[in-house]
Amino acid sequence: MARILVIEDDPDTAAEIVAELAGHGHDVRAVGDGGAGVELALREPFDAITLDRMLPELDGLSVVARLRAAGLTLPVLMISALGDVDERIAGLRAGGDDYLIKPFAPDEMAMRVEVLLRRQRQMAASTAMLVAGPVEMDLIRREVRVGGEAVRLLHMEFRLLEFLMRNAGETVARQIIFERVWGYYFDPGANLIAVHIARLRKKIDLPGRPSLIETVKGEGYRFDAG
Amino acid sequence: MLAEAQRNWPRFSAIRKTSTFRLAVMFGGAAVLAVLLVLAMVYSLTASNLDTRVDLILRAEMARLQALPESDLPAAVEASARAGANPLGHFGLISPGGRWVAGDLGASPPLRLGRTYAREDGPDVRGPLHILAQRTPNGAILMVGRDSTVITELRNNVLAILLASGLVVVPLLLGAGLALSLGPLRRVDRLQRVAGKIAAGRLDARMPVDGRGDELDLLADTVNQMVGEVERSMAQVRSVTDAIAHDLRTPLTRVRNQLYRAARAPQLPPAEARRIEAAIEDLDTVLARFAALLRISDLEAGHRRSGFAPTRIDELVAVVIDLYAPLAEEREVTLAAGDLPAATLLCDGQLMVEALSNLVDNAIKFSPIGGTVMVTIAQANDETVITVADEGPGIPPEQVAAVVRRFDRGAASPAVPGSGLGLSVVAAIAHLHQFALELRPARTDPARPGLRAQIRASTKNPK
């Protein structure tokens with residue numbers, strides 16, 4: 001369970017975010033304006049923030065800038081009705097960690113928050129080795145072993161596996177995979193990620209055993225080491 | 001520079017077909033003809049006048065001599081013929097038997113009696129003459145002649161003037177025709193180029209108007225008004241589409257979210273859950289299309305420039321090839337990188353990867369099994385050209401303008417999945433960068449012409 005602060009001036013949207021995140025077992029607090037959000041975030045410990053870009057008085061960009069200026073490194077998911085891609089860039093440059101455009105699917109919002117939380121935890125642990133089931137990934141030497149056997153992965157295959165292992169046990173949408181692994185923010189289509197996953201499966205799956213990467217229909221993919 | 005100058009210089013075959021050139025030559029020809037006619041009339045009247053005067057002089061001389069007694073004629077003829085008495089006059093007396101008697105004119109043929117005739121030259125007198133010959137009462141032939149060099153010179157001068165005029169006027173006429181045609185031809189060339197852009201779907205392009213108010217300006221104005229109207233109409237259609245997409249996104253997302261919660265309700269029968277999941281998937285597809293539509297509008301509005309930076313386009317191409325290689329392999333299509341020289345463009349790297357991804361994705365999608373998709377970069381004449389060529393069915397030239405419009409898939413098989421927005425996105429990204437998107441057949445095989453999709457970026461004046 002994580003403590004999450006929701007800064008959102010629209011009550012319906014705030015209720016939706018709170019309900020979804022609470023449904024994922026998190027402790028969620030919500031405030032309706034930027035100033036109160038900054039005050040609360042500086043006063044109490046939170047693990048992540050969802051932040052509306054367009055807030056009255058103190059807008060989202062200013063909020064995240066103040067939080068960063070105060071030394072807070074917790075992940076911030078910016079949520080905005082501004083679909084302009086320049087706005088996404090502005091949000092990320094101001095200190096946001098991810099950007100979601102309204103109207104949004106709550107499951108995607110929760111998935112993005114989960115990804116940010118896990119990344120934050122792993123950064124704190126600063127691990128050099130990822131281990132999930134039979135897969136061992138040496139992040140320093142960039143080597144992968146499955147069941148003790150070395151597996152040669154291409155650069156992007158390594159990054160894809162690393163991302164899935166860092167989010168092991170959780171479903172991640174293909175759009176999030178594309179953004180986090182390849183770093184691009186357009187819809188690549190369903191097939192593209194599917195074939196990359198299929199190639200990775202061929203390299204890491206053990207014969208006669210269920211695939212380590214499960215397809216979650218309509219949602220995305222989940223690394224499941226059993 | 002030379003190549004550019006040659007490209008800008010119209011060919012003579014094109015010039016001589018212009019109405020300006022034809023009019024210039026026609027009017028010039030008419031003017032030359034008129035001058036010729038005037039000169040001919042001047043010559044004819046002057047020569048006729050001189051002939052008449054010479055004839056009168058000759059008849060007067062003839063009358064003077066005929067009035068003398070027959071016995072005095074040899075002496076009178078001899079006296080008249082002597083130099084100094086009459087420098088232009090020539091005289092002769094021939095006996096009835098045809099023997100020369102007196103004077104400086106002999107009995108050289110042809111000898112025409114009773115009327116003045118011209119003789120170019122003769123053994124007795126050199127030079128052109130007008131001669132009048134008459135019989136005397138006792139049968140001798142009295143000849144009176146006059147030097148007609150003046151008349152001959154006049155004719156020669158007029159002919160020389162005509163020839164010189166022709167030699168000078170004809171090249172001048174052609175030169176004037178060429179010079180007068182170049183300007184309009186260049187303007188027509190500019191108009192043609194813009195018309196080509198408009199035909200290719202660039203409705204923001206406008207015909208150049210020089211402000212002279214001539215017929216080309218009037219034509220350009222009319223075309224610009226027409227294109228403006230078409231653009232406004234299409235913008236209205238787009239605006240309505242965008243408004244629908246924008247307004248429907250929120251309620252559709254709410255419906256989707258409610259379905260999402262419903263699907264997670266406890267004790268939901270599996271069949272119901274599957275139906276709800278299917279509905280969510282369909283709604284996700286609709287929402288993705290709406291998002292793409294709004295994104296195209298966003299790009300077309302041309303505001304997004306914060307991501308512009310000098311970018312190695314060859315590296316972006318390599319990223320896209322790396323990204324799509326597994327997909328191509330799965331479809332049994334060879335995705336190959338051709339010549340990829342280092343090339344830097346001022347562009348938004350994210351957007352260029354998106355545009356190239358769409359082109360490569362399309363090329364793979366429409367390629368036959370075993371086909372090849374080739375991606376290359378070429379640099380020439382201040383231009384960088386990125387080409388994605390496939391061996392698929394291609395796009396007929398008459399459908400090129402349509403396929404870059406939203407939801408228009410041209411003659412693409414319905415079996416091939418797609419939203420009809422991919423090329424619209426590419427066109428919008430190219431438009432934002434002020435790059436040109438060109439779609440042409442890649443091969444000469446009419447059965448499978450393939451598609452050569454090119455993004456042409458001018459590096460002369462980076463925006």
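I count two strands as paired if DSSP finds at least two bridges between them, and I take helices (H or I, at least four residues) and strands (E, at least two) as DSSP runs numbered from the N terminus. The model is predicted, so to speak of local features I need pLDDT of at least 70, while side-chain atom pairs count only at pLDDT 80 or more and totals for chains, interfaces and linings use all residues. Residues are numbered from 1 along each chain as its sequence is written.

**Sheet of chain A.** I looked up strand 1 (residues 3-7) of chain A and found 5 bridges joining it to strand 2 of chain A, the two running parallel. A:Ile7 stands opposite A:Val31 in strand 2 of chain A. The open sheet in chain A has 5 strands in the order 2-1-3-4-5, with parallel pairing. Strand 2 (27-31) and strand 5 (98-101) of chain A stand at the edges with a single partner strand each, so one side of each has no neighbour in the sheet.

**Contact between the chains.** Counting residues as in contact if their C-beta atoms, placed from the backbone, lie within 7 Å, I noted 25 residues from chain A and 26 residues from chain B. Helix 8 of chain A gives the most to the side of chain A that touches chain B, with 5 residues.

**Helix 8 on helix 8.** Helix 8 of chain A packs against helix 8 (residues 313-330) of chain B at about 85°, with the axes 9 Å apart; axes are lines fitted to C-alpha atoms, for helices over the stretch in contact, and angles run from 0 to 180 degrees between N-to-C directions. The two helices are therefore roughly perpendicular, a term for 65 to 115 degrees.

Key. Chains lettered and ligands numbered in written order. Contact = placed C-beta atoms within 7 Å. Parallel < 35°, antiparallel > 145°, perpendicular 65-115°, else oblique.
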